[in-house]
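Q: Hey, I've just opened this one up and I'm new to it. Can you walk me through it?

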Amino acid sequence: MSAASYMAPSEIGRIQQRSLVIGVVGVIACMIGAFTSPPQFFHSYLLGYLFWMGIVLGCLAILMLQHMTGGGWGLIIRRLLESATRTLPLMLVLFVPVLIGLYKFDLYPWVHHEAGGEQATQTNKQIYLSIPFFLARAAFYFTVWLALMYLMNKWSKQQDQEKDPLIRRRLQDVSGPGLVFYGLTVTFASIDWVMSLEPEWFSTIFGILFIGGQALSAMSFVIAFTVVLAKREPMASVVAPQHLHDLGKLLLAFVMLWAYFSFSQFLIIWSGNLPEEISYYTRRLHNSWKYVGLVLILAHFALPFLLLLSRDLKRQARRLGLVASLVVLMRFVDLLWLVGPELHQQGFAIHWLDLAVPVGLGGIWMAFFIWQLRRMPLLPVNDPQFEEAFSHGQRH
(Lines give C-alpha, C1' and ligand atoms only; values in the text may rest on other atoms or scores of the structure.)
Protein backbone atom coordinates (compact mmCIF):
# COMPACT_ATOMS: atom_id res chain seq x y z
CA MET A 1 0.00 0.00 0.00
CA SER A 2 1.86 3.08 -1.24
CA ALA A 3 1.54 6.61 0.06
CA ALA A 4 1.16 7.89 -3.51
CA SER A 5 -2.16 6.07 -3.83
CA TYR A 6 -3.61 8.35 -1.16
CA MET A 7 -2.98 11.71 -2.76
CA ALA A 8 -5.76 14.32 -2.77
CA PRO A 9 -8.23 14.00 -5.67
CA SER A 10 -7.98 16.50 -8.50
CA GLU A 11 -11.45 17.85 -7.72
CA ILE A 12 -10.00 19.48 -4.61
CA GLY A 13 -8.05 21.76 -6.91
CA ARG A 14 -11.31 23.33 -8.09
CA ILE A 15 -12.24 24.13 -4.50
CA GLN A 16 -8.83 25.72 -4.13
CA GLN A 17 -9.32 27.88 -7.22
CA ARG A 18 -12.76 29.03 -6.11
CA SER A 19 -11.44 29.81 -2.64
CA LEU A 20 -8.66 31.89 -4.13
CA VAL A 21 -11.11 33.85 -6.29
CA ILE A 22 -13.33 34.50 -3.26
CA GLY A 23 -10.29 35.52 -1.27
CA VAL A 24 -9.09 38.00 -3.90
CA VAL A 25 -12.54 39.56 -4.25
CA GLY A 26 -12.80 39.75 -0.48
CA VAL A 27 -9.40 41.39 -0.16
CA ILE A 28 -10.36 44.04 -2.73
CA ALA A 29 -13.54 44.75 -0.75
CA CYS A 30 -11.48 44.93 2.43
CA MET A 31 -9.11 47.46 0.87
CA ILE A 32 -12.07 49.65 -0.02
CA GLY A 33 -13.35 49.36 3.52
CA ALA A 34 -9.93 50.14 4.96
CA PHE A 35 -9.91 53.49 3.13
CA THR A 36 -13.54 54.42 3.75
CA SER A 37 -13.84 53.31 7.39
CA PRO A 38 -10.45 52.48 8.95
CA PRO A 39 -11.60 51.94 12.58
CA GLN A 40 -14.39 49.58 11.51
CA PHE A 41 -12.07 47.74 9.13
CA PHE A 42 -9.48 46.95 11.78
CA HIS A 43 -12.14 45.88 14.25
CA SER A 44 -13.66 43.57 11.62
CA TYR A 45 -10.19 42.36 10.68
CA LEU A 46 -9.51 41.32 14.26
CA LEU A 47 -12.78 39.38 14.27
CA GLY A 48 -11.93 37.54 11.04
CA TYR A 49 -8.36 36.90 12.10
CA LEU A 50 -9.40 35.41 15.44
CA PHE A 51 -11.84 33.08 13.70
CA TRP A 52 -9.34 31.56 11.28
CA MET A 53 -6.50 31.61 13.79
CA GLY A 54 -8.74 29.64 16.15
CA ILE A 55 -9.07 26.87 13.58
CA VAL A 56 -5.31 26.78 13.00
CA LEU A 57 -4.34 26.66 16.67
CA GLY A 58 -7.14 24.24 17.48
CA CYS A 59 -5.79 21.88 14.81
CA LEU A 60 -2.32 22.15 16.35
CA ALA A 61 -3.71 21.19 19.77
CA ILE A 62 -5.79 18.27 18.45
CA LEU A 63 -2.80 17.04 16.43
CA MET A 64 -0.65 16.89 19.56
CA LEU A 65 -3.51 15.32 21.50
CA GLN A 66 -3.84 12.61 18.85
CA HIS A 67 -0.14 11.81 18.98
CA MET A 68 -0.42 11.51 22.76
CA THR A 69 -3.49 9.25 22.80
CA GLY A 70 -3.45 7.41 19.47
CA GLY A 71 -6.66 6.13 17.91
CA GLY A 72 -8.00 5.54 14.43
CA TRP A 73 -10.05 8.76 14.48
CA GLY A 74 -6.83 10.76 14.47
CA LEU A 75 -5.21 8.96 11.57
CA ILE A 76 -8.17 9.74 9.35
CA ILE A 77 -7.92 13.49 9.98
CA ARG A 78 -4.19 13.82 10.71
CA ARG A 79 -3.26 15.23 7.31
CA LEU A 80 -6.02 17.84 7.61
CA LEU A 81 -4.69 18.83 11.02
CA GLU A 82 -1.10 19.00 9.77
CA SER A 83 -2.04 21.01 6.69
CA ALA A 84 -3.91 23.50 8.85
CA THR A 85 -0.90 23.93 11.14
CA ARG A 86 1.33 24.60 8.12
CA THR A 87 -0.73 27.74 7.44
CA LEU A 88 0.81 29.34 10.55
CA PRO A 89 3.42 31.25 8.48
CA LEU A 90 0.51 32.77 6.54
CA MET A 91 -1.22 33.69 9.81
CA LEU A 92 1.98 35.37 10.98
CA VAL A 93 1.94 37.57 7.86
CA LEU A 94 -1.77 38.26 8.32
CA PHE A 95 -1.09 39.46 11.86
CA VAL A 96 0.58 42.59 10.44
CA PRO A 97 -2.72 44.50 9.91
CA VAL A 98 -3.53 43.91 13.60
CA LEU A 99 -0.28 45.67 14.47
CA ILE A 100 -1.10 48.51 12.09
CA GLY A 101 -4.49 48.89 13.75
CA LEU A 102 -2.78 48.87 17.13
CA TYR A 103 -0.35 51.64 16.19
CA LYS A 104 -2.39 53.86 13.88
CA PHE A 105 -6.10 53.37 14.37
CA ASP A 106 -6.73 52.78 18.08
CA LEU A 107 -7.74 49.15 17.80
CA TYR A 108 -7.08 48.75 21.53
CA PRO A 109 -8.18 51.47 23.97
CA TRP A 110 -5.25 50.90 26.34
CA VAL A 111 -2.88 52.52 23.84
CA HIS A 112 -4.26 55.88 25.04
CA HIS A 113 -4.11 54.75 28.65
CA GLU A 114 -0.43 54.10 28.18
CA ALA A 115 -0.03 57.74 27.18
CA GLY A 116 -1.66 58.89 30.44
CA GLY A 117 -5.28 59.33 29.39
CA GLU A 118 -8.03 60.19 31.85
CA GLN A 119 -9.14 56.58 32.11
CA ALA A 120 -5.70 55.23 32.79
CA THR A 121 -5.67 51.68 34.06
CA GLN A 122 -3.99 50.48 37.21
CA THR A 123 -0.20 50.51 37.34
CA ASN A 124 0.21 46.75 36.95
CA LYS A 125 -2.04 46.76 33.89
CA GLN A 126 -0.13 49.73 32.45
CA ILE A 127 3.06 47.71 32.66
CA TYR A 128 1.46 44.69 31.01
CA LEU A 129 -0.52 46.65 28.41
CA SER A 130 2.35 48.48 26.77
CA ILE A 131 3.12 48.26 23.07
CA PRO A 132 6.71 46.92 23.39
CA PHE A 133 5.63 44.22 25.84
CA PHE A 134 2.61 43.39 23.66
CA LEU A 135 4.88 42.87 20.64
CA ALA A 136 7.38 40.82 22.62
CA ARG A 137 4.67 38.49 23.85
CA ALA A 138 3.21 38.10 20.36
CA ALA A 139 6.67 37.22 19.04
CA PHE A 140 7.02 34.59 21.76
CA TYR A 141 3.60 33.07 20.98
CA PHE A 142 4.35 32.72 17.28
CA THR A 143 7.82 31.32 18.01
CA VAL A 144 6.33 28.57 20.16
CA TRP A 145 3.55 27.77 17.69
CA LEU A 146 5.87 27.72 14.68
CA ALA A 147 8.39 25.52 16.50
CA LEU A 148 5.69 22.99 17.39
CA MET A 149 4.35 23.11 13.83
CA TYR A 150 7.83 22.51 12.42
CA LEU A 151 8.59 19.51 14.61
CA MET A 152 5.18 17.88 14.15
CA ASN A 153 5.33 18.15 10.36
CA LYS A 154 9.03 17.38 10.00
CA TRP A 155 8.77 14.05 11.79
CA SER A 156 5.46 13.20 10.16
CA LYS A 157 7.04 13.67 6.73
CA GLN A 158 10.02 11.62 7.85
CA GLN A 159 7.64 8.86 8.94
CA ASP A 160 6.20 8.76 5.40
CA GLN A 161 9.70 8.15 4.07
CA GLU A 162 11.01 5.81 6.78
CA LYS A 163 9.01 3.16 8.59
CA ASP A 164 10.75 3.86 11.89
CA PRO A 165 8.72 3.26 15.12
CA LEU A 166 11.00 5.65 16.99
CA ILE A 167 9.53 8.58 15.06
CA ARG A 168 6.17 7.99 16.72
CA ARG A 169 7.90 8.13 20.10
CA ARG A 170 9.49 11.46 19.21
CA LEU A 171 6.10 12.87 18.26
CA GLN A 172 4.66 11.73 21.57
CA ASP A 173 7.58 13.15 23.56
CA VAL A 174 7.12 16.59 21.99
CA SER A 175 3.32 16.59 22.12
CA GLY A 176 3.12 16.40 25.92
CA PRO A 177 5.15 19.54 26.68
CA GLY A 178 3.74 21.08 23.48
CA LEU A 179 0.20 20.93 24.85
CA VAL A 180 1.38 22.70 28.01
CA PHE A 181 3.03 25.47 25.98
CA TYR A 182 -0.04 25.67 23.76
CA GLY A 183 -2.29 26.17 26.76
CA LEU A 184 -0.09 28.89 28.26
CA THR A 185 0.44 30.81 25.02
CA VAL A 186 -3.22 30.70 23.94
CA THR A 187 -4.31 31.83 27.41
CA PHE A 188 -2.09 34.91 27.29
CA ALA A 189 -2.83 35.55 23.60
CA SER A 190 -6.57 35.60 24.37
CA ILE A 191 -5.89 38.12 27.13
CA ASP A 192 -3.76 40.29 24.85
CA TRP A 193 -5.86 40.15 21.69
CA VAL A 194 -9.42 39.97 23.05
CA MET A 195 -9.72 40.66 26.77
CA SER A 196 -7.62 43.82 26.47
CA LEU A 197 -10.34 45.32 24.27
CA GLU A 198 -11.88 46.03 27.68
CA PRO A 199 -8.82 46.77 29.83
CA GLU A 200 -10.91 47.34 32.97
CA TRP A 201 -12.48 43.87 32.75
CA PHE A 202 -10.94 40.52 33.62
CA SER A 203 -11.86 36.84 33.86
CA THR A 204 -9.72 34.04 35.23
CA ILE A 205 -11.40 31.48 32.95
CA PHE A 206 -11.18 33.46 29.71
CA GLY A 207 -8.11 31.62 28.39
CA ILE A 208 -9.67 28.21 29.04
CA LEU A 209 -12.82 29.37 27.27
CA PHE A 210 -10.74 30.29 24.21
CA ILE A 211 -8.90 26.96 24.28
CA GLY A 212 -12.22 25.10 24.30
CA GLY A 213 -13.52 27.28 21.49
CA GLN A 214 -10.45 26.67 19.35
CA ALA A 215 -10.71 22.90 19.83
CA LEU A 216 -14.37 23.05 18.82
CA SER A 217 -13.59 25.22 15.78
CA ALA A 218 -10.88 22.85 14.61
CA MET A 219 -12.84 19.64 15.15
CA SER A 220 -15.95 20.93 13.39
CA PHE A 221 -13.88 22.22 10.47
CA VAL A 222 -11.93 18.99 9.93
CA ILE A 223 -15.11 16.91 10.19
CA ALA A 224 -16.82 19.05 7.56
CA PHE A 225 -13.80 18.79 5.25
CA THR A 226 -13.43 15.05 5.90
CA VAL A 227 -17.00 14.59 4.72
CA VAL A 228 -16.10 16.43 1.50
CA LEU A 229 -13.07 14.17 0.97
CA ALA A 230 -15.04 11.03 1.83
CA LYS A 231 -17.20 11.55 -1.26
CA ARG A 232 -14.23 10.81 -3.51
CA GLU A 233 -11.49 8.25 -3.80
CA PRO A 234 -9.12 7.50 -2.21
CA MET A 235 -10.85 8.50 1.03
CA ALA A 236 -14.22 7.02 0.04
CA SER A 237 -12.85 3.50 0.51
CA VAL A 238 -11.12 4.38 3.81
CA VAL A 239 -13.49 6.56 5.82
CA ALA A 240 -15.99 4.20 7.42
CA PRO A 241 -19.11 4.89 9.53
CA GLN A 242 -17.18 3.94 12.67
CA HIS A 243 -14.58 6.63 11.95
CA LEU A 244 -17.34 9.21 11.53
CA HIS A 245 -18.97 7.95 14.71
CA ASP A 246 -15.73 8.49 16.65
CA LEU A 247 -15.33 12.00 15.24
CA GLY A 248 -18.96 12.80 16.02
CA LYS A 249 -18.49 11.73 19.64
CA LEU A 250 -15.49 14.02 19.93
CA LEU A 251 -17.47 16.89 18.42
CA LEU A 252 -20.21 16.29 20.99
CA ALA A 253 -17.62 16.33 23.77
CA PHE A 254 -16.15 19.63 22.58
CA VAL A 255 -19.64 21.18 22.27
CA MET A 256 -20.35 20.27 25.89
CA LEU A 257 -16.90 21.49 26.97
CA TRP A 258 -17.45 24.90 25.35
CA ALA A 259 -20.90 25.19 26.95
CA TYR A 260 -19.49 24.25 30.36
CA PHE A 261 -16.70 26.84 30.16
CA SER A 262 -19.06 29.55 28.90
CA PHE A 263 -21.64 28.95 31.61
CA SER A 264 -18.92 28.69 34.28
CA GLN A 265 -17.57 32.13 33.39
CA PHE A 266 -21.07 33.62 33.43
CA LEU A 267 -21.99 31.98 36.75
CA ILE A 268 -18.77 32.98 38.53
CA ILE A 269 -18.88 36.61 37.36
CA TRP A 270 -22.61 37.10 37.87
CA SER A 271 -22.62 35.57 41.36
CA GLY A 272 -19.59 37.70 42.32
CA ASN A 273 -21.56 40.82 41.32
CA LEU A 274 -18.47 43.05 41.12
CA PRO A 275 -18.87 46.23 39.01
CA GLU A 276 -15.60 45.79 37.10
CA GLU A 277 -16.61 42.25 36.11
CA ILE A 278 -20.35 42.30 35.42
CA SER A 279 -20.07 45.25 33.01
CA TYR A 280 -18.96 42.69 30.41
CA TYR A 281 -22.29 40.89 30.60
CA THR A 282 -24.50 43.93 31.11
CA ARG A 283 -23.37 45.17 27.68
CA ARG A 284 -24.34 41.82 26.20
CA LEU A 285 -27.58 41.08 28.05
CA HIS A 286 -29.31 44.44 28.52
CA ASN A 287 -29.75 45.39 24.87
CA SER A 288 -30.27 43.68 21.52
CA TRP A 289 -27.00 41.75 21.90
CA LYS A 290 -28.96 39.42 24.19
CA TYR A 291 -30.63 37.93 21.11
CA VAL A 292 -27.22 36.93 19.77
CA GLY A 293 -26.59 35.23 23.10
CA LEU A 294 -29.90 33.41 22.75
CA VAL A 295 -28.91 32.23 19.27
CA LEU A 296 -25.67 30.87 20.74
CA ILE A 297 -27.52 28.95 23.44
CA LEU A 298 -29.88 27.39 20.91
CA ALA A 299 -27.70 26.87 17.81
CA HIS A 300 -24.23 26.60 19.33
CA PHE A 301 -25.16 24.22 22.14
CA ALA A 302 -28.73 22.94 22.37
CA LEU A 303 -29.31 21.95 18.73
CA PRO A 304 -25.87 20.37 18.06
CA PHE A 305 -26.04 18.63 21.45
CA LEU A 306 -29.42 17.06 20.73
CA LEU A 307 -28.50 16.08 17.17
CA LEU A 308 -25.15 14.56 18.13
CA LEU A 309 -26.81 12.32 20.72
CA SER A 310 -28.09 10.27 17.79
CA ARG A 311 -25.84 7.34 16.93
CA ASP A 312 -27.29 7.09 13.42
CA LEU A 313 -26.61 10.76 12.66
CA LYS A 314 -22.96 10.45 13.71
CA ARG A 315 -22.50 7.55 11.29
CA GLN A 316 -23.99 9.35 8.27
CA ALA A 317 -21.44 11.56 6.53
CA ARG A 318 -23.86 14.11 5.08
CA ARG A 319 -25.77 14.75 8.29
CA LEU A 320 -22.66 14.87 10.44
CA GLY A 321 -21.10 17.29 7.96
CA LEU A 322 -24.14 19.58 8.18
CA VAL A 323 -23.97 19.64 11.99
CA ALA A 324 -20.24 20.34 11.86
CA SER A 325 -20.82 23.17 9.37
CA LEU A 326 -23.44 24.67 11.70
CA VAL A 327 -20.93 24.61 14.56
CA VAL A 328 -18.31 26.34 12.39
CA LEU A 329 -20.82 29.10 11.64
CA MET A 330 -21.72 29.42 15.31
CA ARG A 331 -18.07 29.74 16.23
CA PHE A 332 -18.02 32.94 14.16
CA VAL A 333 -21.20 34.16 15.86
CA ASP A 334 -19.62 33.45 19.25
CA LEU A 335 -16.57 35.56 18.37
CA LEU A 336 -18.87 38.30 17.10
CA TRP A 337 -20.62 38.23 20.48
CA LEU A 338 -17.24 38.46 22.27
CA VAL A 339 -15.79 41.28 20.16
CA GLY A 340 -18.74 43.19 18.67
CA PRO A 341 -20.22 44.87 21.79
CA GLU A 342 -16.99 46.80 22.33
CA LEU A 343 -17.64 48.74 19.14
CA HIS A 344 -21.46 48.73 19.22
CA GLN A 345 -22.30 49.25 22.88
CA GLN A 346 -25.81 50.58 22.23
CA GLY A 347 -27.03 47.33 20.73
CA PHE A 348 -26.49 44.70 18.07
CA ALA A 349 -25.14 46.01 14.79
CA ILE A 350 -23.20 44.30 12.05
CA HIS A 351 -21.19 46.14 9.42
CA TRP A 352 -20.67 44.73 5.95
CA LEU A 353 -16.97 44.53 6.75
CA ASP A 354 -17.76 42.11 9.58
CA LEU A 355 -18.72 39.65 6.85
CA ALA A 356 -16.42 40.72 4.00
CA VAL A 357 -13.20 40.52 6.00
CA PRO A 358 -13.70 36.98 7.39
CA VAL A 359 -14.79 35.77 3.95
CA GLY A 360 -11.78 37.38 2.27
CA LEU A 361 -9.35 36.02 4.84
CA GLY A 362 -11.09 32.65 4.65
CA GLY A 363 -10.72 32.42 0.89
CA ILE A 364 -7.00 33.12 1.06
CA TRP A 365 -6.54 30.77 4.00
CA MET A 366 -8.54 27.96 2.40
CA ALA A 367 -6.56 28.17 -0.84
CA PHE A 368 -3.31 28.00 1.13
CA PHE A 369 -4.64 25.15 3.27
CA ILE A 370 -5.62 23.05 0.25
CA TRP A 371 -2.25 23.75 -1.37
CA GLN A 372 -0.60 22.33 1.75
CA LEU A 373 -3.01 19.39 1.81
CA ARG A 374 -2.14 18.40 -1.76
CA ARG A 375 1.58 18.27 -1.02
CA MET A 376 1.38 15.08 1.08
CA PRO A 377 -0.60 11.82 1.02
CA LEU A 378 -4.00 12.07 2.69
CA LEU A 379 -3.17 9.25 5.08
CA PRO A 380 -0.01 8.44 7.11
CA VAL A 381 0.32 4.91 5.74
CA ASN A 382 3.63 4.25 7.52
CA ASP A 383 2.26 5.03 10.95
CA PRO A 384 2.43 1.87 13.12
CA GLN A 385 -1.28 2.19 13.91
CA PHE A 386 -2.47 2.63 10.35
CA GLU A 387 -3.53 -0.96 9.62
CA GLU A 388 -5.27 -1.19 12.98
CA ALA A 389 -7.13 2.06 12.35
CA PHE A 390 -8.16 0.93 8.86
CA SER A 391 -9.46 -2.43 10.09
CA HIS A 392 -11.19 -0.72 13.04
CA GLY A 393 -13.38 1.19 10.63
CA GLN A 394 -14.10 -1.87 8.49
CA ARG A 395 -15.13 -4.08 11.41
CA HIS A 396 -18.18 -1.94 12.33
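Predicted model: local features only at pLDDT ≥ 70, side-chain atom pairs only at ≥ 80, totals over all residues.

Q: Which helix does Gln214 lie in?

A: Gln214 lies in helix α10, residues 206–229. Helices here are DSSP runs (H or I, at least four residues), numbered from the N terminus.

Q: Is Gln214 buried or exposed?

A: Gln214 counts as buried, because its relative accessibility is 8%. Buried means under 20% relative accessible area, exposed means over 50%, and partly exposed is in between, using a 1.4 Å probe and protein chains only.

Q: At what angle do α2 and α10 pack?

A: About 90 degrees, with their axes 7 Å apart. That makes α2 roughly perpendicular to α10. The axes are lines fitted to C-alpha atoms, for helices over the stretch in contact, and the angles run from 0 to 180 degrees between N-to-C directions. Angles under 35 degrees count as roughly parallel, over 145 as roughly antiparallel, 65 to 115 as roughly perpendicular and the rest as oblique.

Q: OK, and which residues make the contact of α2 and α10?

A: From α2 you get Gly54, Ile55, Leu57, Gly58, Cys59 and Ile62, and from α10 there are Gln214, Ala215, Ser217, Ala218, Met219, Phe221 and Val222. They divide into nine nonpolar, four polar and no charged. Ala, Val, Leu, Ile, Met, Phe, Trp, Tyr, Cys and Pro count as nonpolar, Asp, Glu, Lys and Arg as charged, and the others, Gly among them, as polar.

Q: What does Met219 touch?

A: Not counting residues up to four places away in sequence, Met219 touches Ile62, Trp73, Ile77, Leu247, Leu250, Leu251 and Phe254. Met219 is also listed, with Tyr108, Trp145, Trp193 and Trp365, as having the most contacts inside the largest nonpolar core.

Q: How many residues has that largest core?

A: The largest nonpolar core has 123 residues, and helix α2 (residues 38–69) gives the most to this core, with 19 residues. A nonpolar core is a set of buried Ala, Val, Leu, Ile, Met, Phe, Trp, Tyr and Cys residues joined through side-chain atoms within 4.5 Å.

Q: What about Leu216, buried or exposed?

A: Leu216 counts as buried, at 0% relative accessibility, and lies in α10. Leaving out residues up to four places away in sequence, Leu216 touches Leu251, Phe254, Val255, Trp258, His300, Val327 and Arg331. Leu216 and Ile62 are 154 residues apart in sequence, yet 9.8 Å apart in space, C-alpha to C-alpha.

Q: Switching topic: how do α13 and α15 cross?

A: The axes of α13 (residues 289–308) and α15 (residues 317–339) come within 10 Å and cross at roughly 155 degrees. That makes α13 roughly antiparallel to α15. By class, their contact has 17 nonpolar, two polar and two charged residues.

Q: And where is Leu307?

A: Leu307 is in α13. With a relative accessible area of 30%, Leu307 is partly exposed. Leu307 touches Leu313 and Val323, not counting residues up to four places away in sequence.

Q: How do α11 and α15 pack?

A: Helix α11 (residues 241–272) and α15 pack at an angle of about 25 degrees, with their axes 11 Å apart. So α11 and α15 are roughly parallel to each other. Leu244, Gly248, Leu251 and Trp258 of α11 meet Ala317, Leu320, Ala324, Arg331 and Asp334 of α15.

Q: Last one: what does Ser19 touch?

A: Gly363, Ile364, Met366 and Ala367, not counting residues up to four places away in sequence. Ser19 is in helix α1, residues 11–36, and is buried, with a relative accessible area of 10%. Ser19 and Gly363 are 344 residues apart in sequence and 4.5 Å apart in space, C-alpha to C-alpha.

Note on methods
Residues numbered from 1 in each chain as written. Heavy atoms only, no water. Helix = DSSP H or I, 4+ residues; strand = E, 2+ residues; numbered from the N terminus. Contact = heavy atoms within 4.5 Å.
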